[in-house]
Amino acid sequence: MRHFLDFEKPIAELEGQIEELRRTTDAGGIDVADEIGKLRDKAEKLLAATYAKLSPWQKAQVARHPDRPKCLAYIAGLIEDFTPLAGDRAFADDQAVVGGLGRFRGGSVMVLGIEKGTDTDSRILHNFGSPRPEGYRKARRLIELAGRFNLPILSFVDTAGAFPGVEAEARGQAEAIARSIEACLEAPVPFVATIIGEGGSGGAIALAAADRVLMLEHSIYSVISPEGGASILWRDAAQAPAAAEAFRLTAEDLRRLNLVDGVIPEPMGGAHREAATTVAAVGAQIEACLTPLLALDGATLRARRREKFLEMGRTGVA
């Protein structure tokens, strides 16, 4: 069954009516094609009207949609001969961070990403996309490995943030994130990061301090989740919609503020409605960003990357 968000209830009702009419046709042979066509046109117009005026809070819900394609779907659709690499060589293999070697458009690459999972078992396995310190240390190891072997890096980010548990803090969560960001900034190879769903806090930046940062149209990217920000600022998580508005976390806002480099359009109704189309669009945009970077040497890449992020601080987001 398709999962509908709260603001999609009118669309859900129309699509439910269409499905009932289809079952009537299958069962009794009654021709209701005209009625189905009218309802489908109405549903499509309502869908277009709804998604043309999404609020930041509604975009956050779309970014978290359970059926939205996750990191492993992009790897499966874009990366050939993917060979996963495991472990941080210090403590354990964190399943929230996935990474390995593969081929993108015929060229060898290092791939990194944060996987949320698609069902109950996989979500538990991947800790709902919240990495522990060993996940970020694995990311750092693979980024440095890519540098040694001159492999471009592609990352796919989808996380509400790093795991906030006591054991993660005991194992140096903040230090692990900082070292991963440092490795991103120091990588002597082209680096393209894509925010495919949620980009939450430093846990997202740790895999996204890249030469080019792309966002899907209905993804979000912010220093903290709307609920977390509302709990701090208003001491009331119910103020999350107001926090989402204030944080300017949508792809449109971040592109306007020059905090990301490109926004990738999604199919009408979100990436979850046409996953294969979305994956293909992401691949095309990554290729367009990666091609000119391949002509630059390591020193130039590092210098430009450093200047890019310093300029964000100089300009501000006022």
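Let me start with Trp234, which lies in the loop between helix H10 (226-233) and helix H11 (240-247). Helices here are DSSP runs of H or I with at least four residues, strands are runs of E with at least two, and both are numbered from the N terminus. This is a predicted model, where local features need pLDDT of at least 70, side-chain atom pairs count only at pLDDT 80 or more, and totals for chains, interfaces and linings use all residues. Residues are numbered from 1 along each chain as its sequence is written, and side-chain values use heavy atoms, with hydrogens and water left out.

Back to Trp234. Its relative accessible area is 40%, so Trp234 is partly exposed; buried means under 20%, exposed over 50%, and partly exposed in between, with a 1.4 Å probe and protein chains only. Together with Ile232 and Leu233, Trp234 makes a nonpolar surface patch of about 340 Å². Patch residues have over 30% relative accessible area and no salt bridge, and nonpolar side chains are joined within 5 Å. A salt bridge would be a side-chain nitrogen of Lys or Arg within 4 Å of a carboxyl oxygen of Asp or Glu.

Now the core. Which residues of the largest nonpolar core touch the most other members? Among its 34 residues, they are Leu112, Ile143, Ile153, Ile195, Leu207, Met215 and Tyr221. A nonpolar core is a set of buried Ala, Val, Leu, Ile, Met, Phe, Trp, Tyr and Cys residues joined through side-chain atoms within 4.5 Å. Helix H6 gives the largest share, 6 residues.

Next, the rings. The whole structure has 2 aromatic pairs. In one of them, Tyr74 and Phe156 have ring centres 5.7 Å apart and planes at 15 degrees, so they are stacked. The cut-offs are centres within 6.5 Å, with planes under 30 degrees apart for stacked, over 60 for edge-to-face, and the rest tilted. Tyr74 is in helix H4 (residues 71-78) and Phe156 in strand E4 (residues 153-159), 82 residues apart. Both residues are buried.

Elsewhere, the charged end of Arg132 sits over the ring of Phe163, 4.6 Å from its centre. For Arg, that requires CZ within 6 Å of the ring centre and within 35 degrees of the ring normal.

Last, the backbone. Most residues other than glycine have a negative phi. Asp81, in strand E1 (residues 80-84), has a positive phi near 55 degrees, and is exposed at 58% relative accessibility. Asn258 has a positive phi near 60 degrees and is exposed at 54%.

Conventions: Rings of Phe, Tyr and Trp (its six-membered ring) pair if their centres lie within 6.5 Å; planes under 30 degrees apart count as stacked, over 60 as edge-to-face and the rest as tilted. Patches are made of residues with over 30% relative accessible area and no salt bridge: like charges are joined within 9 Å, nonpolar side chains (Val, Leu, Ile, Met, Phe, Trp, Tyr) within 5 Å. Accessible areas come from the Shrake-Rupley method with a 1.4 Å probe; for residues, only the protein chains shown count as cover.
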